[in-house]
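Hi everyone, thanks for coming. I'd like to walk you through one structure today, going from helix packing to individual rings.

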Amino acid sequence: MATTMSTAPSRRRISRNARHQAVSGWLFALPFTLGFILVFVVPIISAVRASLYAQKPAGGGLYGGGQLIDTFVGMDNFVTAATNPIFWTGVGRVMLFGLIQIPVMIIAALFLALLLDSFMVRHPGPWRLMYFLPYAIPGIVAAIVWTYLYNPELSPFAGAFPSIGGNSFFMSGPVVLWSMANMTTWTYTGYNMLIFLAALQAIPTELTEAARVDGASSWQIMTRIKIPMVRGAALLAVLLSIVGTVQLFNEPTVMASAATWMGVDYMPMSMAYNTLMGMISPSGSGPASALSILMALIAGALAVVYALVQRRISR
Amino acid sequence: MTTTTSPTPTRRARRHRESSRPLPPPSLAPKRTSRVITTIVLVFVALYFLGPVYWLIVASSKVRSDLLSSPPLMFAGLNWGDNWNALMSWTDGNFPRWVLNSLLYSVAAGVIGTLISVMCGYAIAKYNFPGRRALLAVTMTGLLMPVALLTIPMYVLFQSMGIANTPLAVIIPSMISPFGVFLGQVYADSSVPTELLEAARVDGSSEARTFFTMVLRLLAPAMLTIFLFIFVATWNNILLPLMMISSPELKPVTLGLYGMSTYFSPNKGAMMLGALLGVLPLIVLFLGLQRYWRSGLAAGAVKG
């Protein structure tokens, strides 16, 4: 290596090389970095700033009126959001949704991946493609199609279920959350299955063959080798699912247009959007930013907790 | 991770296992009954995943009265023509334009996004520059960021910059893909030999020339994967155009369909035809290029 030489010219060459590396590296990284600042960093900063302001009427005297101007209100927006029971009901729904939907989806995806990776299936290709196809359907279209499928007038199956409290079965209070969970499961199970299949196929065949030679049964190979080896993929899949669940927007928005009792604040993301759009009071970018920041913090906390628990267990 | 050992034999084994795998040794061959049970399970799962797509195709061919009266899973007169006319008059003739808008936004975001993602990933993988680790950490944080929550402040920002309600407001956020950088870095790490870059340097080739003439060629499969991810993410995004776009002639097809679904008692047959036509380009892209999807997911699965 050049670093072991200590003559002056080569040292200069090293430092010139280091500078060359630094400059070229940054030039290549620059377009993305600038875009990242514009699309991620600046909005975060402006969200934090906006969350400290609210629009308050100024002047206008006794009869109100007056112009709305941005006024610094400190933590007021956060206090308003955090003491709003509707917000926490929405957060509770997201948590309940994630607690049931994510494990169901991940286990189904892992089951399908193991099945398609086993000797039981001779031609996995077509199956894999069919299960992955729903991922190609935009979430909003999937939500519209499923909402129609939940409508007893149109659906081949919804008519067989009783209506609850004046709403059709799948649109009723106790069921609607799981109707949405079904939409998400339908869309993303195949995607997660592909993540698991890729991880399974990265397991060296020598490993499973050696285990077979040593007399391990298929069941043992699955539980002792294959499942432990896809743990990294599972971590990734669950983290992405948690982040996705927190931002759930398409499903509640479309469902709410069919089941009007859901209102504009069924889930926190729709609540933030409708706050900005002035359909929930207090409205405006201040309260909406405060809601977004609170949700981002909750999402981050959930992701960190999950990653730590996972590490604990696998140690 | 320790799952990748010597690349060549495993890759060959992997390729072999992809389509129809070799027969297992007779001692391991599953019993006929368990094979039959497995197939039954697979068929039921397939019905769940494909059933709604089939229903969408059927429903798109029915006029309003047939939707309510005929059996839901059977065709009843193929009235795609009627539904198309209804769709066109309902959207003031804008529907084809919406599909083209989606195409424009997704292709633009995909092409530019792929290039800048690969450049950044390549820089992180192959150059030693100050801030490299920080950049990687920030990108990974961006990967797990709930992006939808950023859309609200982004709208306020774009409005003050005067680019809200222009194509740029959809294209710029869509082309910044931390996942693309992540994939670019993984691929550059594994498929661009450092010796090759050094040889090019000795030959007096500039860094830019090396990148655009040699590296990009090596990274072509990776770029196709990244392009597909950004393309699909852009096409499927609804919150971003919902916030940014207000002119009907600038709407992407997902936003147009969403607007139609919020009508009171919409013409559901026309709606379903629109939904079908709005996803058709994506499905074609999917089926045509599915092996690139899998290679991208494989990189994520092994690294993650």
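Let's begin with what covers the buried residues of helix H5 of chain A: the cover includes helix H6 (176–201) and helix H10 (250–258) of chain A, together with helix H2 (32–60), helix H14 (253–261) and helix H15 (268–288) of chain B. Please keep in mind that this is a predicted model.

How many of the residues of H5(A) are buried? This helix spans residues 139–149, and eleven of its eleven residues are buried. Among them are A:Ala142 and A:Trp146, and both of those are touched by A:Trp186.

So let's turn to A:Trp186, which lies in helix H6 of chain A. Its relative accessibility is 2%, so A:Trp186 counts as buried, the cut-off being under 20%. Leaving out residues up to four places away in sequence, A:Trp186 touches A:Pro134, A:Ile137, A:Ala142 and A:Trp146 in chain A, and B:Tyr48, B:Phe49, B:Pro52 and B:Val53 in chain B. Take A:Pro134 from that list: 52 residues separate it from A:Trp186 along the chain, yet their C-alpha atoms are 6.7 Å apart. On the chain B side, the side chain of A:Trp186 reaches the backbone oxygen of B:Phe49 at 3.1 Å.

A:Trp186 also belongs to a cluster linked by ring pairs. From chain A the members are A:Trp127, A:Tyr131, A:Trp146, A:Tyr150, A:Phe157, A:Phe161, A:Phe169, A:Phe170 and A:Trp186, and from chain B they are B:Tyr48 and B:Phe49.

How many aromatic pairs does a search of the whole structure find? Over all chains, the number is 33. Here is one of them: the ring centres of A:Phe28 and B:Tyr122 are 5.3 Å apart and the planes sit at 85°, so this pair is edge-to-face. The pair crosses between chains, with A:Phe28 in helix H1 (residues 8–50) of chain A and B:Tyr122 in helix H5 of chain B.

An α-helix has 3.6 residues a turn, so residues three or four places apart point the same way. A:Phe36 and A:Phe40 are both buried.

Now back to B:Tyr122 and its helix. H5 of chain B covers residues 95–126, and it packs against H11 of chain B, residues 207–218, at an angle of about 95° with the axes 12 Å apart. That makes the two helices roughly perpendicular. Which residues meet there? From H5(B) we have B:Leu115, B:Val118, B:Met119 and B:Tyr122, and from H11(B) B:Phe211, B:Phe212, B:Val215 and B:Leu216. The contact has eight nonpolar residues, no polar ones and no charged ones.

Last, a quick look at chain B as a whole. Chain B has 16 helices and zero strands. Of its 304 residues, 52% count as buried. Among chain B contacts between residues at least 6 apart in sequence, 73% join residues at least 24 apart.

How values were computed:
Residues are numbered from 1 along each chain as its sequence is written. Chains are lettered from A and ligands numbered from 1 in the order in which they are written. This is a predicted model: local features need pLDDT of at least 70, side-chain atom pairs count only at pLDDT 80 or more; totals for chains, interfaces and linings use all residues. Side-chain values use heavy atoms; hydrogens and water are left out. Axes are lines fitted to C-alpha atoms, for helices over the stretch in contact, and angles run from 0 to 180 degrees between N-to-C directions. Helices (H or I, at least four residues) and strands (E, at least two) are DSSP runs, numbered from the N terminus. Angles under 35 degrees count as roughly parallel, over 145 as roughly antiparallel, 65 to 115 as roughly perpendicular and the rest as oblique. Contact means heavy atoms within 4.5 Å. Ala, Val, Leu, Ile, Met, Phe, Trp, Tyr, Cys and Pro count as nonpolar, Asp, Glu, Lys and Arg as charged, and the others, Gly among them, as polar. Buried means under 20% relative accessible area, exposed over 50%, partly exposed in between (1.4 Å probe, protein chains only). A polar contact is a pair of N or O atoms within 3.5 Å; within protein, one must be able to donate a hydrogen and the other to accept it, and residues adjacent in sequence count only if both atoms are side-chain atoms. Rings of Phe, Tyr and Trp (its six-membered ring) pair if their centres lie within 6.5 Å; planes under 30 degrees apart count as stacked, over 60 as edge-to-face and the rest as tilted.
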